[in-house]
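The sequence and structure are shown first.

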Amino acid sequence: MSLQEQWVAFLTILTKEIRRFLRIWPQTLLPPAITMALYFVIFGNLIGSRVGEVGGFDYMQYIVPGLIMMSVIQNSYGNVVSSFFGTKFQHSIEEMLVSPMSSLVILSGFVAGGVARGLAVGAIVTCLALFFTDLRPEHLWLTLLVVLLTSVLFSLAGFINAIFANSFDDISIIPTFVLTPLTYLGGVFYSLDQLSEFWRGVSLLNPVVYMVNTFRYGILGVSDVNVWISLGAIVTITAGMFCFCLWLLQRGVGIRH
Amino acid sequence: MTALSIRHLSKTYASGVQALRDISLDVEKGEFFALLGPNGAGKSTTIGIVSSLVNATQGEVTVFGHSLERERGLAKKLIGVVPQEFNFNQFEKVGDIVVTQAGFYGIPRARALQQAEKYLRKLGLWEKRNSQARQLSGGMKRRLMIARALVHEPELLILDEPTAGVDIELRRSMWDFLTELNGQGKTIILTTHYLEEAESLCRRIAIIDHGTIVENTDMKSLLEKLQVETFILDLAQPVSAAPVLNGFEVRLRDPRTLEVAVPKSEALNSVFQQLAAHDISVMSMRNKANRLEELFLRLVERNLPGEASA
């Protein structure tokens, strides 16, 4: 396939993915908006007013970047895992496998779809947050870069989950028992400085901590971790996962006999 | 020119099942080729490997001279596949399924829309283009898969049981459509359980059984191999026992019906003469099975594990 044909194929998958999550918007766009609005009301307004300041900001301001990142992570992951597994389950993956599209195009298309949903939900949550607090990013480009990279990383994670999944249970186990605890314990609602030395050390093993804090640094200018080391780690892990996904696709793991 | 060349192809699944054992096969450009075999013989595995859905354990496949291993993109562009099972998103619209497939082949949207319209109209699905695929009947879904396989104008069309579960009228119209496509120069390979379908459509045929090719020849030569043909005779008057006819094996199916096996070396006239001598009149006559079916059963029976080891 020529480069132009590969580009058309990539756009075809991306458009199909966007059309899919827009078509089922009550399942994809609405729930995170409602959940996050509840977080803003309950944790930000009702409980937050009693918590006081964290890291020099009101509690509401402090948790907003983490909540935006949480919705981006969950939706990027959720989009790819459900879409790719659905494609496998219905055997419509065969439509792609018989075509001359390269594994790179297939992977990029699904990841771009995950990023599109992650960013769309992130944008919705950001707009909702503006009703509760003021948001003026301190480092706009860093903010955009880290949200994009995180979205790519979790789209890839969703892809790996879908590749190995054999049933619908398999695609809900990781989000429920791994992704949700990692996100909730990833410094979304608190600063690592509030933890004891031991739990701070344990928290630093959680990759979500680095993403949330780098994003928070982009918006508020404060972070519990070194943002440049975080950024380097995110880029490295993302590149590693991309190569791993490509290898899985080329070998046909989970999709070819 | 060879449209499809398969060389020393073997496949052993992870379960240990050896689906293909060193098969080689050539299909020439413009041919209408049938790949026949009983269930589990290896037909779908062969098609799966050619269409890149199954990884071969060993062997090489080339499509119009392009290796499926080394020039995968070029080879795949030339193939259109109609699988046995429905493999599209049932919730997508008919038109979207076909246009999206064109996109997977790098065809820009404007041209993809034209191509989709062309084949949806030809296959009588244009009126259904905005319906969800799950709302289509079984026959329509099969036609949708044919339209989808043709949207990028492949040179080689592979159909795995294309008329399974399709009513007779629709089956005939699909035969006409496939014949028309073949007339336009497209090479067609089909697997089918309807041997009548293979006999009336295909000029060449391969029979696969237990993962090996047991016959690979043109239809005429194959049918000439049929040594015995069985006829059903409907009698004017009932008989109590099967008459003894010299040179023929006769079986009484019921008092008014005889089954007569006629060797190729014997004239059919002799049957009637001998029956007349027994004072038996025949009202009508028909083949027990079509000729290809009879030959197929003999070839496949010959390869049954029990018989092979006997």
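H1(B) supplies five residues to the lining of the largest pocket, the largest share of any element. Helices (H or I, at least four residues) and strands (E, at least two) are DSSP runs, numbered from the N terminus. The model is predicted, so local features need pLDDT of at least 70 and side-chain atom pairs count only at pLDDT 80 or more, while totals for chains, interfaces and linings use all residues. Residues are numbered from 1 along each chain as its sequence is written, chains are lettered from A in the order in which they are written, and side-chain values use heavy atoms, without hydrogens and water.

A pocket is an open set of points, on a 1 Å grid over the protein atoms alone, where a 1.4 Å probe fits, with protein on both sides within 12 Å along at least five of seven lines; lining residues have an atom within 4 Å of a point. A volume is the space filled by probe spheres set on the points.

| Pocket | Volume | Lining residues |
|---|---|---|
| Largest | about 990 Å³ | 42 residues |

Nearest the centre of the largest pocket lie A:Glu94, A:His257, B:Tyr13, B:Ser44 and B:Val54. Besides H1 (43–50) of chain B, strand S2 (18–28) of that chain and helices H4 (59–89) and H5 (93–97) of chain A each give at least two lining residues. The lining comprises 16 nonpolar, 17 polar and nine charged residues. Here Ala, Val, Leu, Ile, Met, Phe, Trp, Tyr, Cys and Pro count as nonpolar, Asp, Glu, Lys and Arg as charged, and the others, Gly among them, as polar.

In the second largest pocket, H4(A) provides the largest share of the lining, ten residues.

At the interface, 23 residues of chain A are in contact (heavy atoms within 4.5 Å) with 30 residues of chain B. The buried area (accessible area, 1.4 Å probe, lost on putting the two parts together, summed over both) is about 2400 Å².

Four salt bridges (a side-chain nitrogen of Lys or Arg within 4 Å of a carboxyl oxygen of Asp or Glu) are found across the interface. One of them joins B:Lys77 to A:Glu5, with the closest N and O atoms 3.0 Å apart. H1(A) gives eight residues, the largest share of the side of chain A that touches chain B.
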